[in-house]
Amino acid sequence: MHNKISGVLFDLDGTLLDTANDLGAALNYVLRKYNLAEVAREDYRPIASDGALGLLTLGFADDLDAYDYEQLRAEFLAFYEDNIAVHTCLYPGVTELLSTLNEQKIPWGVVTNKPEGLTRKLLPHYPEFEKCLSLIGGDTFVNRKPHPEPILKACEEICVPSEQCLYVGDALRDIEAGNSANTTTVIAKWGYILAGEDCKNWQADYHAETPLAVLSFIK
């Protein structure tokens, strides 16, 4: 807990970028295609971090088994890829957070469970990611979060030992991965967390209410 922090790694969806509306649009496109009821924004938003499987499970519910899941996933991802940055935006304060890290010469990177190809297609829409030194997706390695491997690899890429790194994310798997990798973990309370979810038992080192609050943990 008392290690000097000299690098920061972030989850992406629900932490730096609010991608829920584009993911929800992809889900509703697939549901319309099969003449099923669309899902309201307030219902898909907390599930946005769970990717195609979480969203298709939400939309198709008990009927999911009646369909070819791989086909649904392919249709979902194709629509999403074609409309990847229509509604997606940086959370308020993220621009200032990243520019402060850049000014202070603190290296930072992104470790997400989003497929790497989609992530590399998304980030160029936002110039704020220009100085991102490491980008690891959910399929970059065999293991993905909550396994620590992606975070440990990202620490190598930004040349910071994991004990001197913050990992910031909005899901339990982020905190589990960060703790396993021996980073200092921060819950992004502004992200896709279900109403009433008690994050206290996630065993994170810190809770941040806003992106800019992350700066207070860099000592």
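Q: Before we look at the helices, what are the axes and angles here?
A: Axes are lines fitted to C-alpha atoms, for helices over the stretch in contact, and angles run from 0 to 180 degrees between N-to-C directions. This is a predicted model, in which local features need pLDDT of at least 70, side-chain atom pairs count only at pLDDT 80 or more, and totals for chains, interfaces and linings use all residues. Residues are numbered from 1 along each chain as its sequence is written, and side-chain values use heavy atoms, with hydrogens and water left out.

Q: OK, at what angle do H1 and H3 pack, and how far apart are their axes?
A: H1 and helix H3 (residues 51–60) pack at about 45°, and their axes are 10 Å apart; helices are DSSP runs of H or I with at least four residues, numbered from the N terminus.

Q: And which residues make that contact?
A: On H1 they are Leu-23, Leu-27, Val-30 and Leu-31, and on H3 they are Leu-55, Leu-56, Gly-59 and Phe-60, where contact means heavy atoms within 4.5 Å.

Q: Switching topic, where does Thr-112 sit?
A: Thr-112 lies in the loop between strand S4 (108–111) and helix H6 (116–122), a strand being a DSSP run of E with at least two residues.

Q: Buried or exposed?
A: Thr-112 has a relative accessible area of 3%, so it is buried, a term that means under 20%, with exposed over 50% and partly exposed in between (1.4 Å probe, protein chains only).

Q: What is Thr-112 in contact with?
A: Leaving aside neighbours within four places in sequence, its contacts include Asp-11, Asp-13, Gly-137 and Lys-145.

Q: And what does Leu-101 touch?
A: Not counting residues up to four places away in sequence, Leu-101 touches Val-8, Phe-10, Ile-106, Trp-108, Leu-215 and Ile-218.
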